[in-house]
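Colleague: Could you take a close look at one part of this model for me? I'd like to hear about the disulfide and the strands around that part of the chain.

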Amino acid sequence: MMIFKYFISAVLLLLPAQAGMGGMPFAFWKQSNYAPFIVATCGSVTPQTDGDYKYCEYHVDTTTKEFTITAAPPTAAVEYLIVGGGGGGGGDRGGGGGAGGYLANGTDDHSVSVGTYNITVGAYGAGGNGGTAARGGNGGNSTFDGLTSVGGGGGGSSGTKAGLSGGSGGGASVTIGGTDVGGSGTSGQGYAGGDSADPSSRRACGGGGGASEVGFNGTSGVAGIGGDGLSSDITGSSVTRAGGGGGAQSSNDTPGAGGAGGGGTAGQADNGGNGGNATANTGSGGGGGAGSSGNGGNGADGVVFIRWKFQ
């Protein structure tokens with residue numbers, strides 16, 4: 001019996017790394033962190049279940065933003081959706097805020113291995129102050145394992161007309177005799193903000209860019225609509241996120257609506273003038289503040305999802 005035991009041990013030591021049990025690479029069969037499916041935890045987030053999959057959703061206020069894999073097969077991969085923080089709408093004839101950058105894995109899952117991955121979720125960009133004609137702020141970046149979704153660009157204001165660049169660009173503002181262009185978007189993540197128009201007294205600002213299209217340009221008496229976002233079913237249900245904020249105007253014409261996915265609607269000059277905030281945790285842009293010192297709406301915090309097969 002002792003001779004047989006030593007014989008088996010010698011055979012195992014001589015096996016090549018590619019040899020296996022049931023087709024499994026022997027090097028992974030020997031390791032204690034091998035599993036046929038990913039075994040993972042999500043920091044302070046409780047994983048949710050969707051059929052044979054689990055997913056984690058991280059917000060700005062998530063206490064511990066980590067994704068830790070304790071066991072996995074040698075070809076482990078996860079799905080992801082990473083949305084940056086949305087830009088704020090500009091104050092006082094403000095352009096709409098641009099949506100945060102939108103990154104999803106598409107048809108190619110992201111390769112992972114045993115270990116801990118740190119996650120960052122971008123905060124929203126603040127709306128510009130109408131009293132000081134301030135431009136909207138850019139949203140923060142969201143990150144996971146070398147992937148970065150850029151925060152959305154802030155909308156322009158009467159003080160600084162051009163929209164800021166970002167994941168999607170902020171819309172442009174307008175002054176008497178002066179128009180400007182929307183900020184540019186980041187390739188593969190979002191689109192540019194809309195330009196402004198100055199047709200006599202019916203000045204109109206551009207909408208913020210969204211994840212699926214550019215923000216609309218302002219035209220005579222018609223403020224630019226925010227660009228629409230994109231839908232994802234990473235949670236098992238289809239949800240649209242990352243819409244651009246609507247652009248404002250200086251008259252009592254209809255303010256620009258926010259893009260699908262949570263973009264804020266612009267303020268109206270005869271109704272308080274303040275732009276609407278974007279829908280929470282969608283990475284959408286805030287609405288522009290109307291003329292006569294309307295404040296821009298805040299963008300929305302970004303969000304990060306990670307999804308994997310667990311059985």
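Modeller: Here is a walk through the disulfide first, and then the strand pairing on either side of the bond. Bear in mind that this is a predicted model, so everything below is computed from it.

Let's start with the bond itself. The count comes to 1 disulfide, and the partners are C42 and C56, with their sulfur atoms 1.6 Å apart. That falls inside the 2.5 Å cut-off used to call a disulfide. The torsion about the S-S bond of C42 and C56 is about 60°, so the disulfide is right-handed. As for what it connects, C42 sits in the loop between strand 3 and strand 4 (48–50), while C56 belongs to strand 5, so the pair ties together parts that are 14 residues apart in sequence.

Is each end buried or exposed? C42 has a relative accessibility of 1%, so it counts as buried. C56 is buried too, with a relative accessible area of 0%. The cut-off that matters here is 20%: anything under that is called buried. Another cysteine, C205, has 0% relative accessibility and also counts as buried.

Now follow the chain on the C42 side. Strand 3 (residues 39–41) runs antiparallel to strand 6 (residues 66–71), and 3 bridges join them. One of the contacts to look for is T41, whose bridge partner in strand 6 is T68. Strand 6 also pairs with strand 10 (residues 115–120): that pairing is antiparallel as well, with 4 bridges. There, I69 has G115 of strand 10 as its bridge partner. Put together, strand 6 is joined to strand 3 and to strand 10.

Strand 15 (residues 303–309) is mostly covered, with 6 of its 7 residues buried.

One thing to keep in mind when you trace side chains along these pairings: in a regular strand the side chains alternate between the two faces of the sheet.

Notes. Residues numbered from 1 in each chain as written. Predicted model: local features only at pLDDT ≥ 70, side-chain atom pairs only at ≥ 80, totals over all residues. Heavy atoms only, no water. Pairing = 2+ DSSP bridges. Helix = DSSP H or I, 4+ residues; strand = E, 2+ residues; numbered from the N terminus. Buried < 20%, exposed > 50% of the residue type's maximum accessible area, 1.4 Å probe, protein only.
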